[in-house]
Amino acid sequence: MSSTDDALMAAAIGPLFDEVLMPMAQRLRASGVQPFPLEPDVSWLSYYVRRKRAAMTRADFTGASCVDVADLELKLAAHWQAMGRHDLAAQVASVGAAARAAQALLEAEAPEAELNPYVYAMF
Amino acid sequence: MSNTILGISAFYHDAAAALVRDGVIVAAAQEERFTRKKHDPRFPINAINYCLEEGFVDAADLDAVIFYDNPLATFDRVVENALAAGEEGREQFLKAAGQILGDKVWVNEHARRAMGSLGREGQVLFAEHHMAHAASAFYPSPFERAAILTIDGVGEWATTSLGAGDGKELRLFSEINYPHSLGLLYSAFTYFCGFKVNSGEYKLMGLAPYGEPRYYEAIRNHLIDVRDDGSYRLDTSYFGYLSGMVMTGQRFADLFGGPARVPEAPITRREMDLAASVQKLTEEIMLRTARHLRSITGESKLVMAGGVALNCVANGKLVAEGIFDEVWIQPAAGDAGGALGAALLAEHVYFERPRTVAVAGKDAQQGSYLGPAFSSSEVLAFVNRHAYPHTQMADQAERLALVAGALAEGKIVGWFSGRMEFGPRSLGARSILGDPRSPTAQETMNLKIKYRESFRPFAPSVLRERCAEYFELDCESPYMLLIAPLREERRIAMDRVHFDDGDDDMLAMINQARSDVPAITHVDYSARVQTVDAETNPEYHALIRAFEALTGCGMLVNTSFNVRGEPIVCTPEDAYRCFVRTEMDLLVLEDVILWRHDQPALIEQEDWRKTYELD
């Protein structure tokens with residue numbers, strides 16, 4: 001994306017980050033809650049985490065299938081509710097707004113074939 | 001009733017499509033082979049079209065279309081990562097969330113635009129990333145039941161998963177989650193040593209034999225804590241990927257005595273030793289994990305997938321340790337294989353259809369020859385259309401004798417035969433071949449074909465029945481996923497004095513004769529072996545037999561059919577273009593022979609050396 005496009009995307013996604021996630025991050029920090037561990041803890045005998053379910057159910061195969069933003073909001077809310085993240089589930093409308101704006105920006109653009117060669121593509 | 005399923009992977013690296021019918025793999029291919037963009041991550045329209053054509057199926061008649069990853073779960077990780085990283089992670093979040101919310105979550109729309117239909121389910125199904133990897137490893141394996149290990153950079157959250165399969169049942173019971181990742185750790189060192197991430201890991205692995213694991217303790221003491229069961233956790237303060245767009249942070253550089261190596265700068269002893277150190281750690285983790293997995297599952301067989309399963313040095317050590325009686329690794333162990341795994345997962349888990357394990361211990365991967373083939377008629381139409389001088393040699397014995405003779409004379413041969421390979425390795429369908437006995441073959445192939453100077457040797461394709469004469473390997477290795485030591489009696493002592501005294505010139509080392517098959521022998525006397533059997537690839541096997549008849553040597557040098565930086569060739573046109581851009585002597589397109597000295601001068605509009613980035 002060009003720097004102009006970057007600015008437009010920042011405008012589309014920025015409110016989600018600035019107005020929803022950062023206040024949430026501050027609240028979590030104030031409560032001493034970390035989203036995930038950031039360093040070793042030698043008191044742990046094992047770092048393996050037991051999965052909640054060992055196999056995919058039929059419903060799992062369709063839970064991420066989104067046809068429009070309303071569908072995205074519903075399914076994302078369900079996903080977060082199932083994980084116990086009710087605070088995030090309550091914010092799906094903000095995610096939906098960001099999705100609408102981002103979709104409109106990217107619809108006009110051909111996707112890039114080039115990967116950044118210096119960082120693992122993880123999102 | 002027949003069941004046809006299309007699996008798709010896309011958006012991260014190595015987009016691909018795979019078609020499975022009644023549990024049998026009909027077709028699979030990476031998008032990069034069609035678009036000629038290495039590791040092309042875009043929605044694989046071309047690979048999908050190929051799969052549908054190969055399967056004689058319309059999209060509307062597909063029983064399911066399935067994607068290999070859950071974008072909502074990935075978005076959850078991106079959100080949690082932003083909560084952890086705080087303001088520092090703003091730029092990364094804007095980019096990541098923009099891409100997911102604006103593009104990657106709308107897989108249904110991508111599929112509809114590509115195919116006009118979402119098949120009979122009316123919507124795309126979604127696998128879990130590590131479930132797709134696990135399925136790609138277990139279902140095509142020759143095992144009725146097995147332990148399962150998947151290790152990669154990251155899926156949605158999981159980076160390492162442990163499980164077991166039995167018949168059509170597949171379970172993953174424990175995992176390690178982001179940001180703690182062996183794949184990301186290895187990629188961090190890949191970046192730090194000046195190689196590209198996702199393609200340079202092989203180079204880091206190939207660099208390791210030059211070094212000593214001097215930094216192993218520093219890595220264990222500062223970067224990662226490894227438990228007895230192979231589980232691990234990183235100290236993320238050393239890494240940059242949580243909040244930024246680089247893999248490592250300032251603390252990482254301080255720990256290893258300075259900044260990351262600039263790409264293409266001379267490789268120093270530090271990089272060699274870093275490579276040796278992280279390789280030693282990776283092997284240790286994999287061995288501990290394997291022992292733990294054996295003890296908790298009681299299974300005697302192991303299957304593996306995920307990008308880290310492409311570390312064939314670690315794989316070789318794992319097999320040699322004998323922790324499991326047998327090991328099978330998905331040849332397309334990275335994200336491309338996720339397309340295949342997702343399709344198989346849909347077949348056996350979503351549709352609950354039974355699984356049939358092939359008899360006589362054979363796997364169902366079909367040699368991984370799952371891509372497009374081109375008939376003799378199509379090849380002739382191509383060469384005639386362009387009036388390229390050629391000879392058709394329909395008689396196999398005559399043709400193979402000619403090719404073997406050329407190889408025995410030290411000629412370099414472009415070999416294009418049958419269905420294209422699925423996965424990162426060339427396995428004798430799209431390969432450049434040479435004589436492994438030649439002391440100059442490696443240098444020649446590097447300079448005249450790959451246009452590189454490389455510290456890495458080439459890899460051998462050896463007749464299965466003669467493998468034990470060359471290598472300390474007592475199992476098959478049809479997919480070039482295992483490193484094995486060359487037998488001692490074939491080794492030649494090297495002069496390491498200058499190198500051990502601190503001269504960093506690796507080429508002086510690699511250019512020494514190290515064995516009676518120097519072109520494929522690494523400086524530690526190891527080789528990345530492909531065993532070739534007559535049943536899986538009869539033409540290739542027959543060629544090596546013809547070479548053996550002339551020379552007594554039952555192997556060939558096999559390197560991928562491409563110039564540096566481009567994907568492996570797919571079509572006769574790709575092959576011809578590569579042929580005339582390099583100094584190969586002979587091109588074999590099915591039963592059509594083309595000699596380099598007969599070909600017209602290549603006139604190109606572009607400087608192809610600038611088209612393809614160095615990798």
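Author: Buried here means a relative accessible area under 20%, exposed means over 50%, and partly exposed is in between, with a 1.4 Å probe and protein chains only. This is a predicted model, in which local features need pLDDT of at least 70 and side-chain atom pairs count only at pLDDT 80 or more, while totals for chains, interfaces and linings use all residues. Residues are numbered from 1 along each chain as its sequence is written, chains are lettered from A and ligands numbered from 1 in the order in which they are written, and side-chain values use heavy atoms, with hydrogens and water left out.

Reader: How many disulfides does a search of the whole structure find over all chains?

Author: A disulfide is a pair of cysteine sulfur atoms within 2.5 Å. By that criterion, the number found over all chains is zero.

Reader: How far is the sulfur of Cys51(B) from the closest cysteine sulfur?

Author: Cys51(B) is buried, its relative accessible area being 0%. The closest cysteine sulfur belongs to Cys570(B), and it is too far for a bond, at 11 Å.

Reader: Which residue holds the cysteine sulfur nearest to Cys312(B)?

Author: Cys312(B) is in no disulfide, as the nearest cysteine sulfur is 13 Å away. Cys312(B) is also buried, with a relative accessible area of 0%. The residue that holds this nearest sulfur is Cys475(B).

Reader: Is Glu472(B) buried or partly exposed?

Author: Helices (H or I, at least four residues) and strands (E, at least two) are DSSP runs, numbered from the N terminus. Glu472(B) lies in the loop between helix H17 (467-470) and strand S17 (482-485) of chain B, and its C-alpha atom is separated by 5.5 Å from that of Pro485(B), 13 residues apart along the chain. Beyond its neighbours within four places in sequence, Glu472(B) is in contact (heavy atoms within 4.5 Å) with residues including Pro485(B), Arg487(B) and Arg491(B). Because its relative accessible area is 41%, Glu472(B) is partly exposed.

Reader: Which residue in S21(B) is the bridge partner of Leu589(B)?

Author: Two strands pair if DSSP finds at least two bridges between them. Strand S20 (residues 586-589) of chain B is joined to S21(B) by four antiparallel bridges, and the two strands form a hairpin with two residues between them, where Glu590(B) in the turn has a positive phi of about 55°. Strand S13 (residues 391-392) also pairs with S21 (residues 592-595) of chain B in the antiparallel sense, over two bridges, with Gln392(B) opposite Val592(B). In S21(B), the bridge partner of Leu589(B) is likewise Val592(B).

Reader: How many aromatic pairs does the count come to over all chains?

Author: Rings of Phe, Tyr and Trp (its six-membered ring) pair if their centres lie within 6.5 Å, with planes under 30 degrees apart counted as stacked, over 60 as edge-to-face and the rest as tilted. Over all chains, the number of aromatic pairs is 33.

Reader: What is the angle between the ring planes of Trp80(A) and Phe75(B)?

Author: This pair crosses between chains, from helix H2 (residues 69-82) of chain A, which holds Trp80(A), to helix H3 (residues 71-85) of chain B, which holds Phe75(B). Both Trp80(A) and Phe75(B) are buried. Their ring centres are 6.2 Å apart, and the pair is tilted because the planes stand at 40°.

Reader: Over the ring of which residue does the charged end of Arg58(A) sit?

Author: A charge sits over a ring if NZ of Lys or CZ of Arg is within 6 Å of the ring centre and within 35 degrees of the ring normal. The charged end of Arg58(A) is 3.9 Å from the centre of a ring, that of Tyr350(B).
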